[in-house]
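Please walk me through this structure in the viewer. Tell me what to select at each stop and what is there.

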Amino acid sequence: MNTTWSRFNITSITLGFAFLYLPIVLLVVFSFNESKLVTVWGGFSTKWYVSLFHNQGLMDAAWVTIRVGLISATVATVLGTMGALALTRYTRFRGRVLFSGMIFAPLVMPDVITGLSLLLLFVAIGMDRGMTTVILAHITFTMCFVAVVVQSRLVSFDRSLEEAAMDLGAPPVKTFFQITLPVILPAIVSGWMLAFTLSLDDLVIASFASGPGATTLPMKIYSQVRLGVTPEINAACTLLIAIVTIGVIIASVANKRREVQRQLDERAAQRG
């Protein structure tokens, strides 16, 4: 019976991963296709990557996407961390339920409703749609993901470390930057990576908030896909996958090294 269930589990996991990642593998493979037909293999070639870098429209959209992602992820990380600290450290204050609901609402709100609401807000206050509105929209819906990640780390944080530092004379600000921040830094980095990835991937909300000169790469790819998939789009998507993968690997290695160093410091402190 155990063997049967084991085989069933292995088969289910294999089929699940194949369903999720096989299309991505095919996309990467056909980005090196010699033929103009994306479904017919004509030999190995990197000419579509060269053609991609000469496609001014896609390159401009990619540059807009990277700038929007970097700015929105950074601001969302700061605001999300502050929100997580407020919800974790100050459990009793007037309006806490409303505050938490406003932070976590984008988690369950459909993207269409979020995008339309932001569009109506920008029109009501007379703000011209462009780069700024896209950044504000991405900050709005990515901040909640950062808050969730950081809050989950703060819940298990040992407050006695902060109390010991303040007992030794450290002010609250210095205690935060030297004690609290290094401990929760892996969660903050993970939240930033998640916010950046969500910003790169967003299409619906950016479509409502964007304006002239603020076309993101997903919007550009979507507009071209409606006319037919080209190998250049496969190459662009492959580069996006590579950027996200490299970022995740770097963050994972950095967090692993920090965890190993923390364990070494704890052992050294115990021996001392």
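Why are W192 and F196 separated by about one helical turn? They lie four residues apart in helix α8, so about one turn of the helix comes between them. The model is a predicted one.

Keep those two side chains on screen. W192 is partly exposed, because its relative accessibility is 23%. F196 has a relative accessible area of 10%, under the 20% cut-off, and is therefore buried.

Next, select the whole of helix α8, residues 172–201. Its end C-alpha atoms are 38 Å apart, whereas a straight helix of 30 residues would span 44 Å. Centre the view on L181: α8 bends there by about 55°, and the proline P182 follows within four residues. Buried residues of α8 include T180, I184, A187, I188 and G191.

Move along α8 to L194. This residue is partly exposed, with 32% relative accessibility. Show F145 and V149 as well: L194 is in contact with both, leaving aside its neighbours within four places in sequence. F145 is 49 residues from L194 along the chain, yet their C-alpha atoms are separated by 7.4 Å.

Now for the aromatic rings. The structure holds six aromatic pairs. Select F30 and W41, an edge-to-face pair with 6.1 Å centre to centre and 75° between the planes. F30 belongs to helix α1 (residues 2–30), while W41 sits in the loop between α1 and α2 (47–53), eleven residues apart. F30 is buried at 18% relative accessibility, and W41 is partly exposed at 44%.

Last, select F32, F44 and Y49, which ring pairs link into a cluster.

Technical notes. Residues are numbered from 1 along each chain as its sequence is written. This is a predicted model: local features need pLDDT of at least 70, side-chain atom pairs count only at pLDDT 80 or more; totals for chains, interfaces and linings use all residues. Side-chain values use heavy atoms; hydrogens and water are left out. Helices (H or I, at least four residues) and strands (E, at least two) are DSSP runs, numbered from the N terminus. Buried means under 20% relative accessible area, exposed over 50%, partly exposed in between (1.4 Å probe, protein chains only). Contact means heavy atoms within 4.5 Å. The expected span of a helix is 1.5 Å times one less than its number of residues. The bend at a residue is the angle between axes fitted to the seven residues ending there and the seven starting there. Rings of Phe, Tyr and Trp (its six-membered ring) pair if their centres lie within 6.5 Å; planes under 30 degrees apart count as stacked, over 60 as edge-to-face and the rest as tilted.
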